[in-house]
Amino acid sequence: MSFFNQYANGVMTALGFFWNALWAFVMGYAISAAIQVFVPKSRLTRHMGDCDIKSISLAGVFGAISSSCSFAALSAARALFQKGAHFVATVAFMFASTNLVIELGVLIFLFLGWQYLIAEIAGGIVMIAISAILIRLTYPKSLIERAKQHADEATGQEENDFDWKKRIKSSAGWQQVGTRFVMEWQMVWREILFGFTVAGFIAVFVPDQVWQTLFMANSGSGNSGNMPFLTVLENAAIAPFVAAATFIGSMGNIPLATVLTAGGVSFAGIMGFIYSDLMVPPLVKVNARYYGWKTALYIAAVMYVSIVITALGLHYAYALIGILPEGSRDIAEVSGFKINYTFFLNLTAFALTAGLFWLHRLGQKSGKDGHDHGSHDHHNHDHGDGSASFFAPKNLLVTGIVVALATGLALQGWQTVSS
């Protein structure tokens with residue numbers, strides 16, 4: 001196959017990944033937006049000031065019903081920390097908001113299967129527990145005090161108490177849902193575009209032998225429970241570094257995780273990769289801006305150890321129960337264009353998106369921006385990349401990706417006409 005054929009195939013694979021995930025994104029973000037608007041959360045934040053099971057559990061619940069955008073998760077975590085949440089609860093919120101949200105679960109089910117979905121939920125809870133234990137054992141009191149002093153003065157917490165029954169019956173409440181939906185997409189579309197494009201090109205251009213060598217996949221029997229312990233440990237230990245090297249955060253790493261399964265990476269390695277979206281350098285840098293570098297690296301270290309232990313535990317728990325995935329999803333299956341249930345679900349998603357954008361526009365025309373000015377300012381969270389400028393690195397990268405995708409589509413069209 002020529003380079004141009006591979007290039008066009010990479011673009012079509014990337015677009016196929018997105019096509020098959022589109023309805024999950026739309027419906028997941030719609031549900032998330034409704035939960036964020038109609039569920040009063042200030043009552044939860046009042047009880048996060050201690051390092052106990054109640055505070056940590058509430059932080060996990062709060063994170064699970066918050067935005068899945070990694071940058072927004074860090075911004076919201078900082079706001080919680082500044083308003084008195086215990087440091088352990090703050091870290092628990094970070095884990096929950098990036099591993100226990102609805103839209104991520106749906107995407108994992110579609111691309112990887114039910115075993116990974118159950119592992120994602122159970123493992124997310126286990127990681128929160130492990131991180132809480134690690135922080136309590138190593139609690140650097142002076143470091144945390146300096147982190148509080150270093151944190152920005154801006155808070156951006158969720159809105160005050162409100163009558164959810166009254167809000168859900170009002171047009172203004174549903175306009176807020178539309179606006180929150182739009183804001184969620186404004187936060188994550190770059191990461192999704194980047195992640196799905198990278199996954200498509202890697203699926204085509206990177207041979208399976210690369211992943212087999214990197215993750216020592218040739219030394220065992222695929223994802224079976226017979227894989228040597230040192231191989232499983234290496235997979236779990238290296239996965240966060242592979243995730244960090246991709247610079248893909250949020251939901252964009254799920255299609256790439258699917259590519260890794262096709263390359264023979266162990267179950268522990270896949271789970272370690274999925275859990276590591278907060279380990280990418282831009283997010284560590286954001287934490288450094290909020291709390292200082294020492295605290296940011298401490299958080300990263302706690303997350304790394306928690307991820308590795310959790311990935312290992314899940315691998316051997318699944319092996320013991322006998323539900324360890326032995327194969328992988330066919331890349332062609334999750335990146336193909338067909339007239340099937342996905343097609344009709346995407347049509348429904350387009351209609352839902354149109355309705356939510358209409359609600360958003362209604363809110364703008366009525367002079368309301370769709371959220372209370374004392375609320376959690378999702379639109380003000382910091383991506384740390386100066387993205388307001390066209391010449392910001394991330395915006396230039398997005399432009400390059402769009403051009404690359406358009407070129408690939410043109411090549412695919414030319415090949416179709418030529419044949």
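Me: What's the angle between helix 6 and helix 13, and how far apart are their axes?
Reply: Helix 6 (residues 102-111) packs against helix 13 at about 25°, and the axes are 10 Å apart. Keep in mind that this is a predicted model, where local features need pLDDT of at least 70, side-chain atom pairs count only at pLDDT 80 or more, and totals for chains, interfaces and linings use all residues. Residues are numbered from 1 along each chain as its sequence is written, and side-chain values use heavy atoms, leaving out hydrogens and water.

Me: Parallel or antiparallel, roughly?
Reply: Roughly parallel (angles under 35 degrees count as that).

Me: Which residues make the contact?
Reply: From helix 6, Leu-104, Leu-107, Ile-108 and Phe-111; from helix 13, Ile-254, Pro-255 and Thr-258. Contact here means heavy atoms within 4.5 Å.

Me: And by class, how many are nonpolar, polar or charged?
Reply: There are 6 nonpolar residues, 1 polar and no charged ones.

Me: Is helix 13 mostly buried or exposed?
Reply: Buried: 9 of the 10 residues of helix 13 (residues 253-262) are, so the rest of the structure largely encloses it. Buried means under 20% relative accessible area (1.4 Å probe, protein chains only).

Me: What comes after helix 13?
Reply: Gly-264 follows helix 13, with a positive phi near 90°.

Me: Switching to helix 3, how many residues does it have?
Reply: Helix 3 (residues 53-64) has 12 residues.

Me: Which of its residues are buried?
Reply: In helix 3 those are Ser-55, Ile-56, Leu-58, Ala-59, Gly-60, Phe-62 and Gly-63.

Technical notes
Helix = DSSP H or I, 4+ residues; strand = E, 2+ residues; numbered from the N terminus. Expected span 1.5 Å × (residues − 1). Buried < 20%, exposed > 50% of the residue type's maximum accessible area, 1.4 Å probe, protein only. Axes fitted to C-alpha atoms, helices over the stretch in contact; angles between N-to-C directions. Parallel < 35°, antiparallel > 145°, perpendicular 65-115°, else oblique. Nonpolar A, V, L, I, M, F, W, Y, C, P; charged D, E, K, R; others polar.
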